[in-house]
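Dear colleague,

Please find below the structure that I am handing over to you.

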Amino acid sequence: MSTTFLNRTSATVTSKTNERHFAALERGEASTDAIASVRLSLVSLPLAAPISDAKVLTGRQKPLTEIAFLFAEIRTEAGFEGVGYSYSKRAGGPAQYVHAKEIAPELIGEDPNDIQRIWTKLVWAGASVGRSGLSTQAIAAIDIALWDLKAKRAQLPLAKLLGAHRDSVQCYNTSGGYLSMSIEQVVENTRASVERGIGGIKIKVGQPDTNIDLQRVAAIREQLGDGFPMMVDANQQWNRGTAIRMGRKLEAFDLTWIEEPLDAYDAEGHAALAAELATPIATGEMLTSVTEHAELVRHRSVDFFQPDAPRVGGITPFLKIMAMGEQAKMRMAPHFAMEIHLHLAAAYEIDPWVEHFEWLEPMFNERLEIRDGRMIVPNRPGLGFSLSEQARAWTHETVTV
């Protein structure tokens with residue numbers, strides 16, 4: 001259903017349920033609603049070329065060739081709809097879909113506004129597989145769809161529903177800086193990103209030969225010039241000793257941050273590194289729960305924390321992580337999923353960054369605007385995106401509950 005349904009001046013309300021809904025609003029009364037159906041889809045997004053980071057070069061992972069998405073489309077008795085997604089790289093996508101299919105019947109008849117209670121109900125529906133990781137990533141698609149629906153019902157962008165601090169967010173590009181790309185290609189990708197209006201450039205490091213890393217960083221810093229925001233991402237490649245040595249060498253390049261220099265769960269190691277180096281440290285994208293992020297806060301492990309809403313279980317737990325980060329006065333740079341994280345970053349108190357990946361653009365009918373180094377929060381209701389025909393064509397399985 002088109003989001004224009006939500007605009008009463010341009011939509012035709014046909015069902016008696018909708019008539020009751022709007023009549024209640026006109027009388028100044030609260031309107032009740034209930035979830036009528038949930039459509040789940042398993043979608044595979046093919047990448048234009050295989051990509052590699054440090055874990056591929058060391059043999060721990062295979063090059064990434066596609067991304068699996070779980071989409072949830074929720075419709076209510078009053079005719080409102082919300083869409084959300086979670087994702088998995090290399091493995092786990094089909095399992096997310098199966099788990100979501102098992103627990104989705106629990107949604108039918110629920111008031112879609114009771115998002116926290118629904119999240120808890122879904123967690124307990126699959127309690128034997130835990131409260132983090134794959135099980136809550138399946139819930140994430142549903143949770144995000146409910147927040148999209150709630151904002152659409154209010155006829156507000158999600159950022160405005162949450163309470164935005166800004167209408168645009170600094171954005172940096174990652175997709176042009178993988179280790180599978182030659183340095184010449186990374187330089188060209190950097191030039192194109194800057195011309196597009198991107199405000200920062202991140203490249204991958206973690207080569208077995210650290211001198212190659214330094215050469216690539218030097219080439220991109222030269223391309224960007226002094227002062228332009230630049231980040232590097234080691235993808236958990238280094239041990240503590242290597243991270244200290246590389247961190248000291250990288251200080252010459254005036255980086256905005258060094259990302260995932262250590263194992264994602266080494267909160268104490270990241271804290272020691274952050275205390276030792278002048279360059280800020282960033283991590284958090286691989287964590288899958290509020291509790292795991294609390295450890296980063298407790299140890300003061302990072303200057304920038306990088307939660308991922310689809311990975312932590314959706315927007316509901318993400319908001320709890322945001323609250324912890326604000327209290328600790330940490331900077332935030334959410335990982336991936338810019339269509340979702342742009343709204344959340346706009347509602348974060350301390351000026352954040354959002355990560356730009358153009359990979360997902362074919363999945364949606366809408367595009368996000370980038371101007372003067374910042375990504376503009378769309379003025380469309382909800383998250384502001386709808387699934388494209390291409391996304392339907394890439395769908396492997398779908399079910400409606």
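Helices (H or I, at least four residues) and strands (E, at least two) are DSSP runs, numbered from the N terminus. The model is a predicted one, in which local features need pLDDT of at least 70 and side-chain atom pairs count only at pLDDT 80 or more, while totals for chains, interfaces and linings use all residues. Residues are numbered from 1 along each chain as its sequence is written, and side-chain values use heavy atoms, with hydrogens and water left out.

D254 lies in the loop between α9 (240-250) and β7 (257-259), and its phi is near 55°, a positive value in a residue other than glycine. D254 counts as exposed because its relative accessibility is 52%; buried means under 20% relative accessible area, exposed over 50%, and partly exposed in between (1.4 Å probe, protein chains only). Q155, in the loop between α5 and α6 (158-162), also has a positive phi near 55° and is not a glycine. With a relative accessibility of 43%, Q155 counts as partly exposed.

H343 belongs to helix α14 (residues 338-346) and counts as buried because its relative accessibility is 0%. A polar atom of the H343 side chain lies 3.1 Å from the backbone nitrogen of A159. Setting aside residues up to four places away in sequence, H343 touches P157, L158, A159, V377, P378, G382 and L383, where contact means heavy atoms within 4.5 Å.

Next, the interior packing. A nonpolar core is a set of buried Ala, Val, Leu, Ile, Met, Phe, Trp, Tyr and Cys residues joined through side-chain atoms within 4.5 Å. The largest such core has 111 residues, of which F69, F71, Y85, L250, I340, W359 and M363 touch the most other members. Its largest share, 10 residues, comes from α5. A second, separate core of seven residues includes W257, A282, F304 and W353.

Grid points are joined across faces, edges and corners, and a volume is the space filled by probe spheres set on the points.

The largest pocket has a volume of about 520 Å³. It is lined by 31 residues, of which Q61, K89, R90, M286 and R311 are the closest to its centre. β3 gives the largest share of this lining, three residues. The second largest pocket holds about 440 Å³ of space. Among its 21 lining residues, A48, S175, M181, E358 and W359 are the closest to the centre. β1 contributes the most to the lining of the second largest pocket, with seven residues.

Finally, the structure holds two cavities of 30 Å³ or more, and the largest cavity contains about 90 Å³ of space. Its lining includes M338, E339, L360 and R380.

Yours sincerely

Definitions and conventions. A polar contact is a pair of N or O atoms within 3.5 Å; within protein, one must be able to donate a hydrogen and the other to accept it, and residues adjacent in sequence count only if both atoms are side-chain atoms. On a 1 Å grid over the protein atoms alone, a cavity is a set of points where a 1.4 Å probe fits but cannot get out, and a pocket is an open set with protein on both sides within 12 Å along at least five of seven lines; lining residues have an atom within 4 Å of a point.
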